[in-house]
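Here is a quick tour for anyone meeting this protein model for the first time. Have a look at it before reading on.

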Amino acid sequence: MKNRNHSLIFGIVHWAIAICIIIILITIFLRLNWMNKNHLAGIIQNYLSTTNQSLTQDQLIQLAKQIRKPMWNWHIYIGYVLVGLFSIRLFLPLFGTMKFKNPFNKELNFKEKFRFWIYIVFYIGIILSLTTGMIIELGPKDIKKPIESIHVLSNYYLIGFIVLHLVGLLLSKLSTKKGSIIEK
Ligand code: HEM
C-alpha cells in the first residue's frame with residue numbers, strides 16, 4: 001500500500017513537471033520563431049506600408065511585444081507552477097518518499113552513477129532557471145540584464161537532458177531493466 005502511494009505521488013509529480021516543461025519549451029519556441037518580436041514587427045510594417053502609414057521601429061517593436069505578451073505570460077505562469085512542483089519534489093524525501101540516490105555509493109556500477117549524475121546536473125540547472133526567472137520577474141531592475149543572460153542558457157541543458165532522458169528510457173525499455181534515481 002505504501003509503495004502504491006509512493007508510485008502514485010511519483011507519477012503525479014513527474015508528469016506534472018514533464019507537462020509544465022513541455023509548455024515552457026513551446027513558449028520559448030514561439031518566442032524565437034512565429035512570435036519573434038522582429039518577425040511580428042515586420043508583418044505590421046508590411047501591412048502599414050500597403051495603407052501608406054508608418055510607425056517608428058521602436059513603436060513597431062512595442063506593438064509586437066504587446067501581441068506576444070498573452071502567449072509569453074504562460075511562460076511565467078507555468079514557471080511559477082514549476083517552482084511549486086519542484087519545491088514539493090525537493091521536500092518529498094523529508095517525508096520518506098522519492099528519496100534521491102547517492103551517486104557516490106560504491107555499490108553502483110558506471111551506468112547507474114552516470115544516470116544519477118545526469119539527474120543531479122538537471123536539478124541544479126532547473127533550480128538555476130527557476131531562481132533566475134523569479135529574480136527577473138520579482139527582483140531589482142538593475143540586476144535584470146545579467147540575470148537574463150544566465151536565464152536564457154536554460155535551453156541548452158534542458159534540451160540536452162530531455163534527449164538523454166528519452167534515450168535512457170528507450171535503452172532501459174530495450175534491455176527491460178527498470179531503473180530510476182528515485183527510491184519509490
Ligand atoms: C524550467 C524553467 C525555465 C526555463 C527552461 C526557462 C527558459 C527561458 C529561456 C530559454 C528564455 C529566453 C527566451 C529568449 O530566447 O528570448 C526565458 C526568458 C524568460 N523567462 Fe524563463 N525559463 C524558465 C522558468 C522561468 C520562470 C520561473 C520565470 C519567472 C517566474 C521565467 C521568466 C522569464 C522571463 C521574464 C523571460 C524573458 C526575459 C527577457 O525579457 O529577455 N522563466 N526563459
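## Helix α2

Helices here are DSSP runs of H or I, at least four residues, numbered from the N terminus. Just after α2, N52 takes a positive phi of about 55°.

## About the model

This is a predicted model: local features need pLDDT of at least 70, side-chain atom pairs count only at pLDDT 80 or more, and totals for chains, interfaces and linings use all residues. Residues are numbered from 1 along each chain as its sequence is written.

## Two domains

The chain splits into domain 1 (1–98) and domain 2 (101–184), with bounds from an automatic or database domain assignment. Taken over C-alpha atoms, their centres are 18 Å apart.

## Helices α4 and α5

Helix α4 (residues 110–138) and helix α5 (residues 144–151) have axes that come within 9 Å and cross at roughly 150°. Axes are lines fitted to C-alpha atoms over the stretch in contact, with angles from 0 to 180 degrees between N-to-C directions. α4 and α5 are therefore roughly antiparallel (over 145 degrees).

On the α4 side, the contact involves S129, T132, G133, I135 and I136; α5 brings K144, I147, E148, I150 and H151. Contact requires C-beta atoms, placed from the backbone, within 7 Å.

Technical notes
Helix = DSSP H or I, 4+ residues; strand = E, 2+ residues; numbered from the N terminus. Parallel < 35°, antiparallel > 145°, perpendicular 65-115°, else oblique. Contact = placed C-beta atoms within 7 Å.
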